[in-house]
There are 2 protein chains.
Amino acid sequence: MVINYWGNTKGRRHMLALYHHGTSVCAAKPRLVLAEKGIEWESRYVDILANEQFAPEYLALNPEGVVPTLMHDGQVIRESTLICEYLDAVFPETPLVPDDALSRYEMRLWTMRMDKEHPLNVGPLTFAISHRHGVLRHGDDAVDKYINAMGPAQVERRQRMLSADIEAPGPKASLKICDKLLGDMEVVLGERSWLSGEEFSLADIGVIPYINRLDMLQLSGMWTEARPQVTDWFERVKSRASYLPAMFEFVPPPLTALMKEKGAEAWPRAEAILAELEKSAYGA
Amino acid sequence: MVINYWGNTKGRRHMLALYHHGTSVCAAKPRLVLAEKGIEWESRYVDILANEQFAPEYLALNPEGVVPTLMHDGQVIRESTLICEYLDAVFPETPLVPDDALSRYEMRLWTMRMDKEHPLNVGPLTFAISHRHGVLRHGDDAVDKYINAMGPAQVERRQRMLSADIEAPGPKASLKICDKLLGDMEVVLGERSWLSGEEFSLADIGVIPYINRLDMLQLSGMWTEARPQVTDWFERVKSRASYLPAMFEFVPPPLTALMKEKGAEAWPRAEAILAELEKSAYGA
């Protein structure tokens, strides 16, 4: 095992490596924490688009086959939300967990919500709007490979995913969940500067990768048009020094381009779905 | 609002009330924390068997309509795991969150696991083995009432639930998940006294209500026969002063009796399913 980086804080040296991938919303959270705290770390890139998370060496560290995983002084730390809490405890400078019990509770209510919603949040939307086109445009061989990659039991589901656009039940539900999240954020950010209080915290870090994904998919109209508090919050997020290195350094450029191109095409339909949702909410 | 109890710690007086129910595994967790810390609290019983959690006054506090909810000095605190963390922060005597970052991470890995598994854990098993008989034995009117309680969209699902015994896919999967949990506990408890280290913590509290439910359903053979570490752990749990008041004071006695009666009847079939599982695991 080659160790390239050593975090250095208060004279103590740490071996710190993150197994991660550029397009995983969960992997972006510890990258944000590390950037906020200015801690050096070793990048161990796991290409989830090439199924590297299912390699036996990785499964030995992370039996669920998901990114991220943190290695710290020989300890394996899993689950993005717990990795962030752990990093804040081990590297207490630039604290990202509020001091008082109530704000800490508010913070964890956000991080728990994002963990709960995760499978239904931006994932289905990203695939329907963008990533499935990345498979489809590479022709029959790429499609066959994708469909069969998870074994016979998943073939039908994967075929369905390749043909599901933003109007399909899964992606549509995903759009609705994101809209509800933005609506709840708008209310809370009318009362405080950041999601769990007056200080930037793990609550914001838990949400940023999801809003950033919507932004990359050209869906920012979901807040810029009628949610001034979220708009202001996201501007402040983007102006932080942590934003660019944590959110963009590791995203494959062709994927960024695909999300931009296909997102722009999808926006009018997304907008129509959202208008319909709003109408039915008012009519109810 | 009538306040009966005031927690008293270090001279400061707190208004502390817990909305809870005797058969909810989640509600038992904060009761364990309160009992461990010796804090007085006001009980606000929400009869989930009579759908009181869907009353508008309760939904105003807890929009998801689940127990428990904590009221502390006018603040509403939701989510059993976050309530436990909050109580430990506000009442730091008799700490239940470990001091060091690594043990705290281990603790949260257990509480997060229980939150994730919750819908598939002891719930389907309890209903299949015991609670559905509580409906069925009260005759056609009770059955009609149960089937229609959640509106027309849920009728078919509720009919299926009433006829699903321990061999049905849901309850069988639930038995398997509990068996996996016990297996993982056995390994960890071979290395340490309690789930997150040498001290009793919120990790143990997150798991106790589930193991206790299996015990009430007469399924303790799942550990007493071949899992000595879990057996010893549960004996130590039961000998703690917190156990009886937190786990039994609020359970309706007829329900305890029903679980005991129907659980004893179900054990031979549960044992056969588990033997089959073990055989297929070894054969794989």
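This is a predicted model: local features need pLDDT of at least 70, side-chain atom pairs count only at pLDDT 80 or more; totals for chains, interfaces and linings use all residues.

Tutor: The C-alpha trace of chain A spans about 55 × 50 × 30 Å along its principal axes, and the chain is built with 13 helices and five strands. Of its residues, 38% count as buried, and among contacts in chain A with a separation of 6 or more, 73% are between residues 24 or more positions apart.

Against that background, A:Ser130 sits in helix α5 of chain A, which covers residues 122-136. A:Ser130 is buried because 25 other C-beta atoms lie within 10 Å, where the cut-off for a buried residue is 20 or more. Leaving aside residues up to four places away in sequence, A:Ser130 touches A:Leu217, A:Leu258, A:Met259, A:Lys262 and A:Gly263. By comparison, A:Gly183 is 53 residues from A:Ser130 along the chain, and the C-alpha atoms of the two are separated by 24 Å.

Turning from the residue to the assembly, the contact between the chains takes 15 residues from chain A and 15 residues from chain B. On the side of chain B that touches chain A, β5 (75-78), α3 (80-90) and α4 (101-117) of chain B each supply at least two residues, with the largest share, seven residues, coming from α4(B). That side of chain B comprises ten nonpolar residues, one polar residue and four charged residues.

Notes:
Residues are numbered from 1 along each chain as its sequence is written. Chains are lettered from A and ligands numbered from 1 in the order in which they are written. Two residues are in contact if their C-beta atoms, placed from the backbone, lie within 7 Å. Helices (H or I, at least four residues) and strands (E, at least two) are DSSP runs, numbered from the N terminus. Ala, Val, Leu, Ile, Met, Phe, Trp, Tyr, Cys and Pro count as nonpolar, Asp, Glu, Lys and Arg as charged, and the others, Gly among them, as polar. A residue is buried if 20 or more other C-beta atoms lie within 10 Å of its own, exposed if 12 or fewer, and partly exposed in between; C-beta atoms are placed from the backbone.
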